[in-house]
Amino acid sequence: MLEIEEETEVLVVGGGPAGFCAAIASARNGAETLLVEQYGFPFGMATAALVPHFNGVANPQGELVVKGIVNELVHRLKERKGGVGYLKYPFWGLDVPYDPEILKMVAFEMLQEEGVKMLFHTFASDALVHDGKVKGVVIQNKSGRRIILAKRTIDCTGDADIAAWAGVPFQKGRSEDGLLMGASFQFMLQNVDLDRVAEFVKKQPPHPMRFVLGVKPNHKRESYVRIVGDIPEKARREMNLPKDFDKFYLESIREGMAIVGHPHVTGIDPTNARDLTRAQIEGRRKVYLFAEALRRYVPGFENSYVAYIPPSIGIRESRRIIGRYTLTEEDIMNGRDFEDSVARGAYPIDLHGVSEDAGFFERFEFIKAPYYHIPYRCMVPINRENLLVAGRSISADRVAFGSLRIMPVCMALGQAAGTASALSLKSDVDVSKVDIEELRRALTEQGALV
């Protein structure tokens, strides 16, 4: 018989972008909230995988499509000199670069300010279900195996772990073969001459996916630099590099430092521990191969060295639940509105290759509308009560998923899920029966865009 670790009103499993916002929103709306996270810090891919920016906060015209808690976070990062705020950016209008370490501290502070209880270094290992209702989860950590009971559970694992263990049906990968987008490691290089890298890229033939930001013509640095360039053909030929080693990008808000991405590791199912083990081994080997190619063939990297590889590989694709509504390619392309819309998105359809031979992108395409709406029903499983799923695992077809999977949209969905869970407790109804107008009004009052 397992002991009960804790009882709470709202349990948020997964402290990534969606989970962080879900916990903040739940607590702000009056619910006792507990956040459980496997790492020793919040924000998932942004910190554990060293993804150094929030892209997709705006459409290509520069109009914000995600605000609310995201907007608060952007300003607090800038105040702490852990970011430069909203930055004009080619293709998707605005970008939000940040220092991942300062992001951790700002996130901790915001969670503590709202009174969110936190339990880190803890895995959820099973869901507790009775009569179709999710009652909590089983956890595992250094203290042992325990139970957390909750009146409402929000699955922000990014892999729909709780939903899958609770018996919620799901889809995963491409419909024709089940393959998923390649995962990849971001990594940090030190001793990079960013000015020389910028000059090298500026001499390459013009291309929409090749550019330099934040380096002035007189070589004076801005506080932020992003550079996207091509790996020379000579490097790929002489070093026999994989096909997807065709370009590099780097970001920096510190002199001499660059966060670089991202060699792919393909054939990875993030719900399979053996695949994740292989990804760690293969991914780290590819990091050093990629770094050596830059040192040999790209001016400015000659004296650079790998200073840090994050603990997690960057996962792009995993389970997608079957919810009360499935968002489609047609919905996002045409900017369809919904009566129960609780979030917006505008990021391009961004599907990376499923194999080395497939190249870097499987599909990259801008949506036709200024932005699209995401209905609340996409977070509500078809067959379970007391459970919401927020983040990249919501109910969507794979093409729509290719756009909504990015962190700002996941954060908006987390804010909606946390708010809805708290409102459902106040009204004593299941999360599937929340008053949508009340939910949309509450989100709007909190600064979110619905």
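On a 1 Å grid over the protein atoms alone, a pocket is an open set of points where a 1.4 Å probe fits, with protein on both sides within 12 Å along at least five of seven lines; a cavity is a set from which the probe cannot get out, and lining residues have an atom within 4 Å of a point. Grid points are joined across faces, edges and corners, and a volume is the space filled by probe spheres set on the points.

The model is predicted: local features need pLDDT of at least 70 and side-chain atom pairs count only at pLDDT 80 or more, while totals for chains, interfaces and linings use all residues. Residues are numbered from 1 along each chain as its sequence is written, and side-chain values use heavy atoms, with hydrogens and water left out.

Stop 1: Select Asp99, Pro100, Met188, Met257 and Ile259, which are the closest to the centre of the second largest pocket among its 18 lining residues. The space there is about 190 Å³. Next, colour helix H4 (100–113), strand S15 (247–252) and strand S16 (257–261), each of which supplies at least two lining residues. Helices (H or I, at least four residues) and strands (E, at least two) are DSSP runs, numbered from the N terminus. H4 gives the most, with 3 residues. By class, the lining has 11 nonpolar, 2 polar and 5 charged residues. Here Ala, Val, Leu, Ile, Met, Phe, Trp, Tyr, Cys and Pro count as nonpolar, Asp, Glu, Lys and Arg as charged, and the others, Gly among them, as polar.

**Stop 2: H1 against H11.** Select H1 (residues 17–28) and H11 (residues 407–427). H1 and H11 pack at about 30 degrees with their axes 7 Å apart; axes are lines fitted to C-alpha atoms, for helices over the stretch in contact, and angles run from 0 to 180 degrees between N-to-C directions. H1 and H11 are therefore roughly parallel (under 35 degrees; over 145 is roughly antiparallel, 65 to 115 roughly perpendicular, the rest oblique). Show Pro17, Ala18, Cys21, Ala22, Ala25 and Ser26 in H1, which meet H11 residues including Met407, Cys410 and Gly414 (contact means heavy atoms within 4.5 Å). This contact of H1 with H11 has 9 nonpolar, 5 polar and no charged residues.

**Stop 3: H11 against H12.** On the H12 side, Glu438, Leu439, Ala442 and Leu443 meet H11 residues, among them Gln415 and Leu423.

**Stop 4: a cavity.** The count is 1 cavity of 30 Å³ or more. Select Val65, Lys67, Arg344 and Leu449, which are among the residues lining the largest cavity.
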